[in-house]
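This briefing goes through the fold, the helix packing and a handful of individual residues. Please keep the sequence and the structure open while reading.

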Amino acid sequence: MENNTHKENSTLTQVVDDVAAGINDAAPTFTTEEELEPEGNGKQAVRYLLWGIISVIVNFGTFFLLFKAFHLNYQFANIVAWLLSVQTGFWIDRVIVFHHKSNTAFREMMAFYATRIITYLIETAALWIGISLLSADGGVTKVFGQILAIIGNYIFSKFFIFRSKTVAK
């Protein structure tokens with residue numbers, strides 16, 4: 001009987017050792033530098049547009065709520081809408097659109113905000129020209145400014161913030 005117990009313990013020890021060896025030999029699930037085959041620009045652009053709708057909804061919803069419903073200054077409404085939509089957009093772009101994995105999320109977020117400031121200024125100028133100078137409808141002007149911003153934002157995100165490292169072949 002004692003011999004059978006020793007034999008069972010030996011078998012169990014061997015199984016545990018085999019599993020542990022397999023775990024120790026496993027490759028990491030992600031690295032600090034993403035190594036992917038380049039994905040087609042079309043797929044990312046479509047994902048950017050489809051998922052970007054969430055950021056646009058946050059932006060427009062906040063803008064119209066503050067500007068139309070609460071009658072706050074359009075520039076104030078625009079900056080609040082911008083801040084909320086940029087934060088939403090960062091996580092959508094990083095995780096869903098560009099499938100970007102790194103240990104530098106904070107640095108990427110700062111770069112994301114910096115480039116969004118440029119497109120914010122473009123949108124703000126469009127709002128100022130449209131509303132203040134041309135007395136155009138705020139909604140139409142906001143749509144036009146957003147189109148300019150979306151194009152600029154995609155270019156900055158794709159080529160500067162979330163560019164992937166590719167494997168040399």
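Two residues are in contact when they have heavy atoms within 4.5 Å of each other. The model is predicted, so local features need pLDDT of at least 70 and side-chain atom pairs count only at pLDDT 80 or more, while totals for chains, interfaces and linings use all residues. Residues are numbered from 1 along each chain as its sequence is written, and side-chain values use heavy atoms, with hydrogens and water left out.

**Overall fold**

- The protein has five helices and two strands; helices (H or I, at least four residues) and strands (E, at least two) are DSSP runs numbered from the N terminus.
- Along the sequence these elements follow the pattern α-β-α-α-α-α-β.
- Of the 169 residues of the protein, 34% count as buried, where buried means under 20% relative accessible area, exposed over 50%, and partly exposed in between (1.4 Å probe, protein chains only).
- Among contacts between residues at least 6 apart in sequence, 71% join residues at least 24 apart.
- The protein exposes about 10800 Å², and carbon and sulfur atoms supply 69% of that area; accessible areas come from the Shrake-Rupley method with a 1.4 Å probe, and for residues only the protein chains shown count as cover.

**Helices α3 and α4**

- Helix α3 (residues 74–97) packs against helix α4 (residues 105–133) at an angle of about 145 degrees, and their axes are 9 Å apart.
- Here axes are lines fitted to C-alpha atoms, for helices over the stretch in contact, and angles run from 0 to 180 degrees between N-to-C directions.
- The contact of α3 with α4 has 16 nonpolar, six polar and five charged residues.
- In that count, Ala, Val, Leu, Ile, Met, Phe, Trp, Tyr, Cys and Pro are nonpolar, Asp, Glu, Lys and Arg are charged, and the others, Gly among them, are polar.
- Helix α4 has 29 residues and reaches 40 Å from its first C-alpha to its last, close to the 42 Å expected at 1.5 Å a residue; the expected span is 1.5 Å times one less than the number of residues.

**Residues of α4**

- Thr115 is in helix α4 and is buried, with a relative accessible area of 11%.
- Not counting residues up to four places away in sequence, Thr115 touches Phe156 and Ile161.
- Thr115 and Gly152 are 37 residues apart in sequence, yet their C-alpha atoms are 8.7 Å apart in space.
- Ser132 also belongs to helix α4; at 38% relative accessibility, Ser132 counts as partly exposed.
- Ser132 touches Tyr74 and Leu127, again not counting residues up to four places away in sequence.

**Residues of α5**

- Thr141 is found in helix α5 (residues 138–161) and counts as buried because its relative accessibility is 6%.
- Leaving aside neighbours within four places in sequence, Thr141 is in contact with Ala126, Leu127, Gly130, Ile131 and Ala136.
- Lys142 has its place in helix α5 and is buried, with a relative accessible area of 0%.
- Ser157 lies in helix α5 and counts as buried at 0% relative accessibility.
- With neighbours within four places in sequence left aside, the contacts of Ser157 are Asp93, Phe98, Phe112, Arg116, Phe162 and Arg163.
- One of these residues, Asp93, is 64 residues from Ser157 along the chain, and the two C-alpha atoms are separated by 7.8 Å.

**Loop residues with positive phi**

- His71 lies in the loop between α2 (41–69) and α3.
- Although His71 is not a glycine, its phi is positive, at about 55 degrees.
- His71 is exposed, with a relative accessible area of 64%.
- Ser135 follows α4 and sits in the loop between α4 and α5.
- Phi of Ser135 is near 55 degrees, a positive value in a residue other than glycine.
- Ser135 is exposed, with a relative accessible area of 62%.
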